[in-house]
Amino acid sequence: MKPILYGSSEREFSTNGIGVLSDVLSCVVEEERNGSYELTMTYPVGGKHFSELVPRAIILAKPNSSDQPQPFRIYQIGKPLNGIVEIYAQHISYDLSGVAVSPFSATGIDNVISAMLENSVPKNHGFTLTTNEAGGTGIIVDFPSSFRSL
């Protein structure tokens with residue numbers, strides 16, 4: 001699968017968005033357990049969608065041969081070198097680092113999820129939470145924290 005470029009506010013990823021990045025030279029996703037989840041891509045400055053590769057745009061790419069495509073938000077575009085640029089993007093979940101969650105306490109996974117959503121600022125962050133787990137112990141959040149860290 002070739003990566004697909006979307007605008008910064010895309011949520012559905014059900015179309016080809018701005019376009020398929022058919023001119024991509026390389027696209028590598030690096031995922032570390034409990035660590036970074038980033039995409040590095042090289043693209044020619046003469047490529048069809050070069051002008052739309054801008055910070056905050058989203059690239060949908062397969063992280064490996066067995067997983068479903070994942071969205072990555074562009075955070076840096078390198079300087080052209082021999083007509084090629086490097087694009088750096090983080091998994092869209094990094095957006096949750098900028099969402100604050102006010103202090104709360106809750107018991108059970110369903111109540112914890114509800115409390116996180118109810119206490120998030122801003123509330124319209126565009127993410128939903130689901131789980132197939134049941135039960136769980138409680139959590140006490142004593143000070144404002146990032147949604148992603150929780």
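The following legends describe an overall view and close-up views of a predicted model.

**Figure 1. Overall view of the protein chain.** The chain contains 1 helix and 12 strands (DSSP runs numbered from the N terminus, with helices being H or I of at least four residues and strands E of at least two). From the N terminus, the order of elements is β-β-β-β-β-β-β-β-β-α-β-β-β. Along the principal axes, the C-alpha atoms occupy a box of roughly 55 × 30 × 25 Å. Residues are numbered from 1 along each chain as its sequence is written. In this predicted model, local features need pLDDT of at least 70 and side-chain atom pairs count only at pLDDT 80 or more, whereas totals for chains, interfaces and linings use all residues; side-chain values use heavy atoms, without hydrogens and water.

Figure 2. In the whole protein chain, 33% of the 150 residues are buried.

Figure 3. Strand E3 (residues 26-31) pairs with E4 in the antiparallel sense over 6 bridges (pairing requires at least two DSSP bridges between two strands). Val 28 lies opposite Thr 40 of E4. The hairpin has 5 residues between E3 and E4, and Asn 34 in the turn shows a positive phi of about 55°.

**Figure 4. Pairing of E4 with E7.** Strand E7 (residues 84-91) runs antiparallel to E4, and 7 bridges join the two. Thr 42 has Glu 86 in E7 as its bridge partner.

Technical notes. Buried means under 20% relative accessible area, exposed over 50%, partly exposed in between (1.4 Å probe, protein chains only).
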